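Dear colleague,

Please find below the structure that I am passing on to you.

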Amino acid sequence: MDWKGYYIHRGQKDEMSLGTTRFQPVPGAAINGWGKDEVGSFKFEGSFSPNALICRFVKQYDGQHSVYYQGTYDKSSKSISGHFGFKAGANDGEFKMHHY
């Protein structure tokens, strides 16, 4: 399953695309894969909550910094929206992604 989306940081919206090996919104499922955006290429990993509504994952840019994501899965739109931070738990911007 492939995902596309965007993040907004300091008022600027940038697109991101994710090719995934594991990103199924089911209870407790692992999340991992790879992607690319304006900053560069990255890998990510995390998991869905026991009720599959909340996901958390860390995006690690190749040779650069990490970004921490937390979002809520919307079954009707098949999308995830939430916030990200440069430290775990921080809120430095928002994101939304959907699969196609």
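The count of salt bridges in this predicted model comes to one. The partners are D37 and K59, whose closest N and O atoms are 2.9 Å apart. Since D37 belongs to strand β3 and K59 to strand β5, the pair ties together parts that are 22 residues apart in sequence.

Both D37 and K59 are buried. For D37 the relative accessibility is 9%, and buried means under 20%, so D37 falls on the buried side of that limit. Strand β3, in which D37 is found, covers residues 30-37. The side chains of D37 and K59 are also joined by a polar contact of 2.9 Å. Apart from residues up to four places away in sequence, D37 touches Y7, E15, M16, F42, K59 and Y61.

The residue E38 is found in the loop between β3 and β4. Is E38 buried or exposed? With a relative accessible area of 60%, E38 is exposed. When neighbours within four places in sequence are left aside, its contacts are Y7, D14 and E15.

I turn next to the nonpolar core. The largest one has 20 residues, and those with the most contacts inside it are F23, F48, F57, Y69, I80 and M97. Two or more residues each are given to this core by β1 (2-9), β2 (12-23), β4 (41-48), β5 (54-61), β6 (66-74), β7 (79-85) and β8 (93-99). As for Y69, its contacts beyond four places in sequence include Y7, M16, C55, R56 and F57.

A52, which is not a glycine, has a positive phi of about 65°. This residue lies in the loop between β4 and β5, and A52 is buried, its relative accessible area being 5%. K78, likewise a residue other than glycine, has a positive phi near 50°. The place of K78 is the loop between β6 and β7, where K78 is partly exposed at a relative accessible area of 44%.

Finally, how far apart in space are E38 and K78? Their C-alpha atoms are 24 Å apart, and the two residues are 40 residues apart in sequence.

With kind regards

Notes
Residues numbered from 1 in each chain as written. Predicted model: local features only at pLDDT ≥ 70, side-chain atom pairs only at ≥ 80, totals over all residues. Heavy atoms only, no water. Helix = DSSP H or I, 4+ residues; strand = E, 2+ residues; numbered from the N terminus. Buried < 20%, exposed > 50% of the residue type's maximum accessible area, 1.4 Å probe, protein only. Polar contact = N/O pair within 3.5 Å; in protein donor to acceptor, adjacent residues only side chain to side chain. Contact = heavy atoms within 4.5 Å. Core = buried A, V, L, I, M, F, W, Y, C linked by side-chain atoms within 4.5 Å. Salt bridge = Lys/Arg side-chain N within 4 Å of Asp/Glu carboxyl O.
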